[in-house]
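Student: I'd like to learn how to read charge pairs, strands and rings in a model. Could you walk me through one?

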Amino acid sequence: QVQLVESGGGLVQTGGSLRLSCAASERTFSAYTVGWFRQAPGKEREFVAAISRSSGSTYYTDSVKGRFTISRDNAKNTVYLQMNSLEPEDTAVYYCAATINPARPDLTYQFTYQYQHWGQGTQVTVSS
């Protein structure tokens, strides 16, 4: 069972930056596709970004393209989400999630049901 721990959230002003980290307990974390999701109060959890196990494929929701960058350091069992030009609409609890598909390691996924392992989340608040 992969355990995921997010960190790096906080309070930032509009236009500011944060870098979220998702650290995994397993050394085999490099075999997993990892996604970032977020959930604002009263809203459903939504996809933000995903990265394949080899970092060969990344995928972003339209609202964060050009502002957010997902990356991974498999030697550290960690996936990052660099968030720049933050907006109040980015305020949410951010979750990382992991899934594995040995047959198609190059794929990324954008739906919550496609991920088996989830972290507890980290709060990001962007003030206007």
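Student: Let's start with E46: is its side chain buried or exposed, or something in between?

Tutor: This is a predicted model, and in it E46 counts as partly exposed because its relative accessibility is 37%. R38, by contrast, is buried at 6%. The two form a salt bridge, with the closest N and O atoms 2.6 Å apart.

Student: What's the general idea behind such a pair?

Tutor: Side chains of opposite charge can pair when their charged atoms come close. Here the count comes to five salt bridges.

Student: Which other salt bridge does R38 form, and how far apart are the closest N and O atoms?

Tutor: R38 also pairs with D90, at 2.9 Å. R38 sits in strand β4 and D90 in the loop between β8 and β9, so this contact ties together parts that are 52 residues apart in sequence. D90 has a relative accessible area of 1%, so it is buried.

Student: Where does R67 come in, and what does its salt bridge with D90 tie together?

Tutor: R67 meets D90 at 2.8 Å, N to O. R67 lies in the loop between β6 and β7, so the pair links it to the β8-β9 loop, 23 residues apart in sequence. Both partners are buried. Through shared partners, R38, E46, R67 and D90 join into one network.

Student: On to the strands. How do strands of a sheet pair?

Tutor: Through backbone hydrogen bonds, either parallel or antiparallel. In this model, four strands make an open sheet ordered β1-β3-β8-β7, with antiparallel pairing. β1 and β7 are the edge strands, each pairing on one side only. From one strand to the next, the twist averages 15 degrees.

Student: How many bridges join β7 and β8?

Tutor: Six, in the antiparallel sense. To find your place, look for T69, which stands opposite Q82 in β8.

Student: And the rings: how many aromatic pairs are there?

Tutor: Eight. Take Y109 and Y115, an edge-to-face pair with 6.4 Å between centres and 85 degrees between planes. F111 and Y113 are stacked, because their planes are at 15 degrees, with the centres 5.9 Å apart. Y109 is buried at 12% and Y115 at 5%, whereas F111 is partly exposed at 41% and Y113 is exposed at 64%.

Student: Which residues do ring pairs link into a cluster?

Tutor: F37, F47, Y59, Y109, Y115 and W118.

Student: Which ring does the charged end of R45 sit over?

Tutor: The ring of Y95, 3.7 Å from its centre. Likewise, the charged end of R72 sits over the ring of F29, 5.5 Å from the centre.

Note on methods:
Residues numbered from 1 in each chain as written. Predicted model: local features only at pLDDT ≥ 70, side-chain atom pairs only at ≥ 80, totals over all residues. Heavy atoms only, no water. Pairing = 2+ DSSP bridges. Helix = DSSP H or I, 4+ residues; strand = E, 2+ residues; numbered from the N terminus. Axes fitted to C-alpha atoms, helices over the stretch in contact; angles between N-to-C directions. Phe/Tyr/Trp six-rings, centres within 6.5 Å; stacked < 30°, edge-to-face > 60°. Buried < 20%, exposed > 50% of the residue type's maximum accessible area, 1.4 Å probe, protein only. Lys NZ or Arg CZ within 6 Å of the ring centre and 35° of its normal. Salt bridge = Lys/Arg side-chain N within 4 Å of Asp/Glu carboxyl O.
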